[in-house]
Amino acid sequence: MPRKERDEKRRDNKGRLLKSGESQRSDGRYAYKYIDTFGEPQFVYSWKLVPTDKVPAGKRPCLSLREKIKQIQKDLDDGIDTIGKKMTVCQLYEKYTRQRGNVRKGTQKSRQQLMKLLSEDKLGAASIDSVKLSDAKEWALRMQEKGVAYNTICNSKRSLKAIFYMAVQDDCLRKNPFDFQINEVINDDTVPKVPLTPTQENELLDFMQNDPVYAKYYDEVVILLETGLRISELCGLTPADLNFEKRFVNVDHQLLRSTEDGYYTEAPKTESGFRQVPMSAAAYEAFERVLKKRRDVRCIEVDGYKDFLFLNRDGLPKTAVNYDAMFKCLAKKYNKCHKEPLPDVMTPHTMRHTFCTRMANAGMNPKALQYIMGHANIVMTLNYYAHATFHSAQEEMERLQAKAKTTAEAKPEAAAESAEETKAA
């Protein structure tokens with residue numbers, strides 16, 4: 001076909017010459033055909049050929065075909081997946097979670113929660129290539145305005161950073177819009193979780209021991225304060241986990257419950273969670289009392305575990321929700337008759353926090369404390385749980401100074417004794 005005839009066939013309705021791959025449909029819309037990075041033919045459309053064209057009445061504003069072609073060519077040159085980058089954030093998250101399906105039930109619930117947040121927000125329906133750094137930050141702000149907890153936003157942001165990193169690795173994107181520090185955008189409004197002071201700890205136990213309602217929970221609180229167990233680990237304990245001869249608690253599972261699945265057990269999150277926690281004298285005595293007072297009931301079996309130590313009034317194993325409610329009511333009643341109130345956040349975890357703080361302030365070796373707590377990372381033991389105070393720091397300074405003074409005084413005496421022994425010899 002002569003070139004002149006070919007060019008005439010490739011002109012738009014305004015007489016403008018169309019380039020290779022460009023065409024105009026009968027309704028006036030322009031189209032561009034290209035081959036993507038996978039060798040498959042793809043099409044893009046626009047109501048405008050060039051930026052100066054006007055969009056027909058009633059049609060949405062859009063980029064011109066030539067602008068889209070320029071973007072496509074840049075993506076093709078950089079090896080960007082021009083189709084993959086158009087998936088929505090929800091689709092990307094679904095793809096990410098599908099490829100990482102072997103997770104705990106708790107993680108599954110967190111994923112469902114994040115998917116719900118994304119589905120209800122405009123970010124979820126946005127194509128991933130349209131999400132900019134400012135869009136990601138605006139999402140964090142919207143979540144906080146919506147009342148989502150700071151820690152939930154942090155965890156969600158961490159997940160979104162991971163899925164966008166996957167998109168970058170898959171050549172769908174060049175940059176990760178969630179690569180920023182969350183504390184630069186929103187403030188941490190979380191109520192601080194502080195441990196009990198030694199005075200509060202003693203007064204709380206005295207109060208429980210003498211209270212007609214909370215006396216029955218006394219041993220459970222003592223065990224939490226003396227072992228630092230997670231509440232799910234405490235709930236999962238059976239007589240088989242207690243070694244009274246060597247005085248330790250064997251921790252290799254936790255008991256949980258959900259509305260969907262009922263009771264179920266899980267292994268500790270990490271290898272560090274498998275441990276043998278020493279029994280203090282107080283914990284030893286508390287466990288003995290628990291076993292002595294146990295009711296002769298046929299408790300349910302959960303994943304091969306039975307004879308759970310701590311049961312509710314229906315004879316079923318207690319779970320975290322039971323203790324959360326108990327601690328909330330306990331704090332309310334305690335605060336009515338004590339000048340110094342308990343911490344604003346009173347949960348079973350407060351007991352674990354208190355145990356770790358007490359051990360750290362007593363000078364326990366950090367690695368030993370890390371083992372007892374079942375922390376995978378020593379940073380958690382040192383920075384999150386061990387709350388040093390001015391008084392504890394002052395006591396430690398005085399202890400070290402006294403030790404140094406004793407050592408210094410002992411040296412002259414040792415030298416004098418050595419001289420006398422030499423003289424006598």
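**Start with confidence**

Colour by pLDDT. The protein averages a pLDDT of 89, and 90% of the residues score at least 70. This is a predicted model, and that colouring deserves a look before anything else. Select helix H1, residues 3–9: confidence is lowest there, at a mean of 54. Where pLDDT is low, the predicted coordinates should not be read in detail. Now select H9, where confidence is highest, at 98.

**Stop 1: the sheet S1-S2-S3**

Select residues 22–24, 30–35 and 41–46. Three strands form an open sheet here in the order S1-S2-S3, with antiparallel pairing. Strand S1 (22–24) and strand S3 (41–46) are the edge strands, and each pairs on one side only.

Zoom in on S1 and strand S2 (residues 30–35). Three bridges pair them in the antiparallel sense. Pick Ser23 and look across: Ala31 in S2 stands opposite.

**Stop 2: helix H8 against helix H12**

Select residues 198–210 for H8 and residues 320–336 for H12. At what angle do these two helices pack? The angle is about 100 degrees, with the axes 11 Å apart. That makes H8 roughly perpendicular to H12.

Show side chains. From H8 come Gln200, Glu203, Leu204, Phe207 and Met208; from H12 come Leu330, Lys333 and Tyr334. By class, the contact of H8 with H12 divides into five nonpolar residues, one polar and two charged.

**Stop 3: helix H9 against helix H13**

H9 and H13 pack at an angle of about 40 degrees, and their axes are 7 Å apart. That makes H9 oblique to H13. The crossing of H9 past H13 is right-handed.

Which residues meet in this contact? On the H9 side, pick Val221, Leu224, Leu225, Glu226 and Thr227. On the H13 side, pick Met351, Thr354, Phe355 and Arg358. Colour the contact of H9 with H13 by class: five residues are nonpolar, two polar and two charged.

**Stop 4: helix H13 against helix H14**

H13 and H14 pack at about 165 degrees, with their axes 10 Å apart. That makes H13 roughly antiparallel to H14. The crossing of H13 and H14 is right-handed.

H13 contributes Arg352, Phe355, Cys356, Met359 and Ala360 to the contact, and H14 contributes Leu369, Ile372 and Met373. By class, the contact of H13 with H14 has seven nonpolar residues, no polar ones and one charged. Leave Phe355 highlighted: Phe355 of H13 meets H9 and also takes part in the contact with H14.

**Stop 5**

Start with S4 and S5. Two bridges join this antiparallel pair. S4 and S5 form a hairpin with four residues between them. Pick Arg247 in the turn: its phi is positive, about 60 degrees.

Then cross to S8. Four bridges join strand S5 (residues 248–251) to S8, and the two run antiparallel. Val251 stands opposite Arg275 in S8.

Finally, pick Phe248. Phe248 in S5 is the bridge partner of Asn243, and in S8 the bridge partner of Phe248 is Pro278.

**Stop 5: the hairpin S6-S7**

Select residues 254–258 for strand S6 and residues 262–266 for strand S7. Five bridges pair S6 and S7 in the antiparallel sense. S6 and S7 form a hairpin with three residues between them. Pick Arg257 to finish: its bridge partner in S7 is Tyr263.

Note on methods: Residues are numbered from 1 along each chain as its sequence is written. This is a predicted model: local features need pLDDT of at least 70, side-chain atom pairs count only at pLDDT 80 or more; totals for chains, interfaces and linings use all residues. Side-chain values use heavy atoms; hydrogens and water are left out. Axes are lines fitted to C-alpha atoms, for helices over the stretch in contact, and angles run from 0 to 180 degrees between N-to-C directions. Angles under 35 degrees count as roughly parallel, over 145 as roughly antiparallel, 65 to 115 as roughly perpendicular and the rest as oblique. A crossing is left-handed if the near helix is turned anticlockwise from the far one by less than a right angle, and right-handed if clockwise. Contact means heavy atoms within 4.5 Å. Ala, Val, Leu, Ile, Met, Phe, Trp, Tyr, Cys and Pro count as nonpolar, Asp, Glu, Lys and Arg as charged, and the others, Gly among them, as polar. Two strands pair if DSSP finds at least two bridges between them. pLDDT is the predictor's confidence in each residue, from 0 to 100.
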